[in-house]
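Please look over the sequence and the model shown below before reading on. The briefing then takes up each chain in turn and the interface.

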Amino acid sequence: MNYDSIDIYELWLGLKLSSARRCTQLIGEYGNAKTVFENIESVRASHRNIITDTVYDSLCSETPEALHERLRRSVVKLKIDVIMKSHAEYPKLLKQCDDSPSVLFVRGRLPKDDVHTVGIVGTRNYSSYGAEVTDAYAHSICKYGGVTVSGLAMGIDTVVAKSSLRASDNECATVAVLGSGIDIPTPDDNAKLYYSVIERGAVVSQFAPGVHATRYTYPMRNKVIAGMSEVLIVTEAGERSGALITARAAINYNRKVYCVPGRMVDASYAGSNALLQNREAEHIPDVENFYRKVFLGKEGTQNTLFDERRTVISSENKPKVSAEKEQMSKTGLDEAEEKIYNALKQGEKSFEELCSIIDISAPQMNLKLTMMELSGIIVQMPGRIYKLHI
Amino acid sequence: MFAKVRSHGLRGIEGFPVNIEVDVSHGMPMYSTVGLPDAAVRESRERVQSAIKNSGFAYPYERVVINLAPADMRKEGSLYDLAIALGILRATEQLRSDRHESFVILGELALDGTVRPVNGVLPMVIDAYQCGVSNFILPQENANEVAYMEGINVYPVGSLKQTADFLNDRKDIEPMPLRHWTLETGGFSKNDFSLIHGQTGAKRAAEIAVAGSHNMLLVGTPGSGKTMLAKSIPSIMPDLTKQESIEITKIHSAAGALKSWDGLVKERPFRSPHHTASAPSLVGGGTKAVPGEISLAHYGVLFLDEFPEFKRDVLEAMRQPLEDGEITISRAAGKATYPADFMLIAAMNPCPCGNYGSKHTPCRCTRSEIKKYLQRISGPMLDRIDIHVEMNEVEFSELRSKAHEESSDSIKKRINSARYAQLTRFEGTGVYANAQMTNEMLRDFCTLTSEAEKLIEMVFSRQNLSARAYNRLLKVTRTIADMDGEEKIRPEHVAEALQYRSVINKYWGE
């Protein structure tokens, strides 16, 4: 959509009124935004609750023309798409939400409306388990052709964006919704990721260029994540995690929320577990079947994805790891590897524990573990602890 | 009257001859020292006067001028006391012959005339010997240091009186008997590997690190035994050769760091400076350009505990000596080059609270705290460390287990054979261990089997290895293959070497 053909009054009203619902209400009452602008004094008189003094001040501080001109520079320079709620380009799912923002700034390419979008949210301060689960779901969703939506924050959001960029073959790999103006990569640390997402997906924000993130912008951002997602996955949320705001919003929009359960003792899973306990969220289907079950309504039997990911590499050209995990040992692994596999099935083990359980020398153990790691059967975590790949 | 005495000076660990000229002439009683003396040399006046008086000689109340030649070199320390006193005795004809001129004389004097030990005797004697001197008069306590040198006569002295009597042919002094180089090998050191329970992986890594002289980084939770492992490492290092021992002793002698006056250093040094150490204390420096910890750790281990707590500039200062094996320090007082060929062992916690990755204690740090903590170690520094190991708490059952753990001596045997293979391979190149290989040598000496080649290719594409990381990986694989006695590098060697890289990927990757 051409920037010049935008209704400048709508842009002005949409950006100055932070509540999209009230904006829609005013436009509904007065026919269009221009009328609101022209009769601002009478609007103010009749809608004191909407046009409060501060809102009035900000409405009067800049005319629609001036605002339009002010934004033009960054819009042109950064190739920002400005999409009004009335436009056809506005994401269909988001439009269905009555409080979705009236203006959306987009850099990159939004997914088509027929592509399934899955929001994946979680804590900034994640555990290695949370990261691994997130990576696995993002990977699987992208491989099936879905698109992930996240917030580009540190932690789980970063994992989502990175895994999606790595796994996806879509023209839009992932959507990142910012809590700041579209031109400001937030947080700084993810600036590089911000540009990769623009390149291969879309960065979205409801805030005009130049706006800095505050503690109030993030909850608004979270609602947009919920609104753009067909279903939402909470992979790891502590008691007061922002991911819970996203989950509540998704529930309000009648979207399904899936939750990864954590151990009861883990504080970083307190929020997730509470969601499950209160039946607000559903227990998540396993990685392999998630997409099929949720979007295709059927369960598969073949683990095609994992065959692809776990190509065993070795000098003897071992056969591919088969779908049935139980059979894997018979085909792909030698005796020691099988023992390691079985030991890890009981739970994660450190290198030392493996050495004490399985009677092979340290150099041999190193060899076996490296081979299994390269084959994608096991993963190594901080503390030199090994576990089976999800 | 005029007298001349020979002595020696030290700059860094290089000596230079010093001629002490004493002139006693009529005039107002005075005493003056020229020839760039430092405060310690200038103060010798008081010691010399009292010592002469208290040894039963007469001090001349006349005009005494001492010149330390060459006059343009700075003279430091108290080592000229004895020589100056003898010069005055000769100038006043209390010494009856010029016999002293065939000796190089070193030693500090006490007020009662006792001779005290001085620093840097070994490097000075070696240098003087190369200048053609073979007779030395040294403090008793220092004589052991040079007792292993062939072709010199060392006369240990205890007092000024004894020295004067010796030079006047009144009493003879037995020259120091030549000692033969022996090393008490075997036996049980208090840091033996058999005392470490569990930690199989880390012990194996230490063995490889020592075998190829690779630097090592230990990452682990508090109490996982990082320090204990590091302290045990000298016990599995190859035995010192005489040449190495002399080189180490030279540095320690010059720095005054010899633990006992017991002759040569016979154990590999283990230095563990505190993390508040300044750059000069670590690499050497100060007004006199004295050797730092890295030089004192020459041919031994430099252990840096709490690695990220060291100041950034201190760590960065170590980068060049880590590459070159020596350091040149320039100060106003002069320039000195010290060898610094050491094995760096660094230990650190994985995060500020220390428990990141622990199985038992949850970590209380946020991601950004951990990141910030890890980033205190620069990339170039990490690049100079070949082997990275993680250590975790030892389980109680392992601590209590009576299982037999291998002793340092039996590990050392394997290391000796791996080192021997390296020595034969690198003969005549000046390189003695795999860690020092140049890129050219990597190409010549690291032949991989085709399977190993395949594996490395695989890893390359999966882990985005840089060329430098690849070279380091090759060096470690070479060492592992040497320990197996294999000429060609096999896939299991590569696989194991990869384990020692995984820490970088896990903590510093992405």
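Among contacts in chain A between residues at least 6 apart in sequence, what percentage join residues at least 24 apart? The share is 68%, where two residues are in contact if their C-beta atoms, placed from the backbone, lie within 7 Å. This is a predicted model, in which local features need pLDDT of at least 70 and side-chain atom pairs count only at pLDDT 80 or more, while totals for chains, interfaces and linings use all residues. Residues are numbered from 1 along each chain as its sequence is written, and chains are lettered from A and ligands numbered from 1 in the order in which they are written.

**Chain A**
- Chain A has 19 helices and 12 strands, these being DSSP runs numbered from the N terminus (helices H or I, at least four residues; strands E, at least two).
- The C-alpha trace of chain A spans about 85 × 40 × 40 Å along its principal axes.
- Of the 390 residues of chain A, 47% are buried, that is, 20 or more other C-beta atoms lie within 10 Å of the residue's own, with C-beta atoms placed from the backbone.

**Interface of chains A and B**
- In chain A, 24 residues are in contact with 28 residues of chain B.
- On the side of chain A that touches chain B, α18 (351-357), α19 (362-374) and β11 (378-381) of chain A each supply at least two residues, and α19(A) gives the largest share, 8 residues.

**Chain B**
- The domain assignment, which is automatic or from a database, gives chain B domain 1 (2-167), domain 2 (193-420) and domain 3 (437-510).
- The centres of domain 1 and domain 3 of chain B, taken over C-alpha atoms, are 58 Å apart.

Key. A residue is buried if 20 or more other C-beta atoms lie within 10 Å of its own, exposed if 12 or fewer, and partly exposed in between; C-beta atoms are placed from the backbone.
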